[in-house]
Amino acid sequence: MYRVGNEEVKAVGKIILSKQYFRMADKKSGCFQECDKFEKEWSKYIGTKHSLLMSGGGTAALICALAGLEIGPGDEVIVPAYTFMASASAVLCVGAIPVLAEVDDTLMLDPIDVEKKITKNTKAIMPVHLCGLPCDMGKLMAIARKYKLLVIEDACQASGVTYNGVKVGKIGHAGAFSFNYFKTITCGEGGAVVMDNKKVFERALVYHDSGANFRPFAKKLSIPVFLGMQFRASEIMGAMLRVQLKRLPGILKDLRRLKNKLVEEVSGSRNLTFIRSNDEKGENGAGVHFQFENEAAARKFAKAPGVGGMLPIDSGKHVYSNWDPILENRVGVKKAANPYFFPANKKLRLKYNKVMCPKTLDILSRAVRVGINPDWKEKDLAKKIKAIKIAGESL
Ligand SMILES: Cc1ncc(COP(=O)(O)O)c(C=O)c1O
């Protein structure tokens, strides 16, 4: 969350006072149809034909993407070993099995390891644009085409990030975004799934609304209505996000400007190497990442006065070795409802261990992220640059 102000208060206040919170209500009943409007605006911004706002966050958006693409029991989905656990847990929510792949020196999914992990059971790849850094979508899409795999982009931390000038989320077969409290734009909780394919959209639409059977849209669908979940967004969420979306280009412009200046000033400093980027211009600018020769140097740099660095290996929930429920195959309450015990998944790769992705653990323990805030003044940036340079010199 970066910028929130009176515009959001006004937009949300209008909805609260209207008492029209239900997004499925029609215009005649007084509904402002803020969710519909946000979805149109989000589709236009990302560049997809469809988008669907929902409660349940980016996790729900990933689940709807997977369900929309008919991924389920019997399917393996390749996910990176460095991401929030929800990327993998969404796969289990539709009954499929996540297979972990290494990240490379960009901190993002390693196309070489992805190709090595493909078997006849692989149905999809899930590149995760973590920390606003784009994955190598060129190589990953080429692999997907070669093996006829689906691609679900987890763009939960990457609203407005681009790869080769195209917004992430639009490049694969479906993309998921999160609008939770920690993201670039927010409505507290919430998420959106985007795609071009009409049938994928319709399945996601039905899956996200437990009352789909009774909605006017049900008559217009090209697929039969089935039972899904209850991830419907409220009009309050739609109203807040419409204001947040207006702020997004400005937030990204400021983040990128500050990041570029920092990179320019720090470049060439002794002992400091930036992490390789898959597309420097496309990053959201919310942080600068450095790579060191060893963990001791990374820790010394991160802790140096004024640097405020963080080692990705310390990010806890984002490192696969901390995903205990997945590593120990604990999903849901009943064994029979746990995908790790589904007969259809019997022949898939179900076993994990804490050291199975050693390259990821090594890279994450030698990297440092320094966060950037779009509201920094020039003097804040100058202070940060000075601290980084001094810390590099003293290594
Ligand atoms: C990469 C990634 N994927 C998925 C999610 C899940 O999003 P949410 O918390 O909105 O469900 C997050 C949230 O932090 C995330 O960072």
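This is a predicted model: local features need pLDDT of at least 70, side-chain atom pairs count only at pLDDT 80 or more; totals for chains, interfaces and linings use all residues.
Residues are numbered from 1 along each chain as its sequence is written.

Helices (H or I, at least four residues) and strands (E, at least two) are DSSP runs, numbered from the N terminus.

The chain as a whole comprises 12 helices and 12 strands. Its radius of gyration, 21 Å, is close to the 21 Å that the globule rule gives for 395 residues, so the chain is as compact as a globular protein of that length. The radius is taken over C-alpha atoms, and the rule is 2.2 Å times the number of residues to the power 0.38. Along the principal axes, the C-alpha atoms fill a box of roughly 65 × 55 × 35 Å. Of the 395 residues, 48% count as buried, a class that requires 20 or more other C-beta atoms within 10 Å of a residue's own, with 12 or fewer defining exposed residues and values in between partly exposed ones, C-beta atoms being placed from the backbone. Among contacts between residues at least 6 apart in sequence, 70% join residues at least 24 apart; a contact requires C-beta atoms, placed from the backbone, within 7 Å.

The domain assignment, which is automatic or taken from a database, gives domain 1 (6–245 + 326–347) and domain 2 (249–315 + 359–393). The contact between them takes 21 residues from domain 1 and 21 residues from domain 2. On the domain 1 side, 12 nonpolar, 6 polar and 3 charged residues touch domain 2. The C-alpha centres of the two domains lie 29 Å apart.

Helix H7 (residues 198–207) is largely enclosed by the rest of the structure, because 7 of its 10 residues are buried. These are Val200, Phe201, Arg203, Ala204, Leu205, Val206 and Tyr207. The cover over the buried residues of H7 includes strand E1 (50–54), H3, E8 and E9.

Isoleucine 185 occupies the loop between strand E8 (174–178) and strand E9 (191–195). This residue is buried because 24 other C-beta atoms lie within 10 Å. Beyond its neighbours within four places in sequence, isoleucine 185 is in contact with Ser159, Phe179, Leu241, Gln244, Leu245, Arg247 and Leu248. Its C-alpha atom is separated by 9.7 Å from that of methionine 240, 55 residues apart along the chain.

Positive phi values occur at two asparagines. Asparagine 271, in the loop between helix H8 (235–266) and strand E10 (287–291), has a phi of about 70° although it is not a glycine. Asparagine 271 counts as partly exposed because it has 14 C-beta neighbours inside 10 Å. For asparagine 329, phi is near 60°. Asparagine 329 lies in the loop between helix H10 (324–327) and helix H11 (358–365) and, with 16 C-beta neighbours inside 10 Å, is partly exposed.

Conventions. Two residues are in contact if their C-beta atoms, placed from the backbone, lie within 7 Å. Ala, Val, Leu, Ile, Met, Phe, Trp, Tyr, Cys and Pro count as nonpolar, Asp, Glu, Lys and Arg as charged, and the others, Gly among them, as polar.
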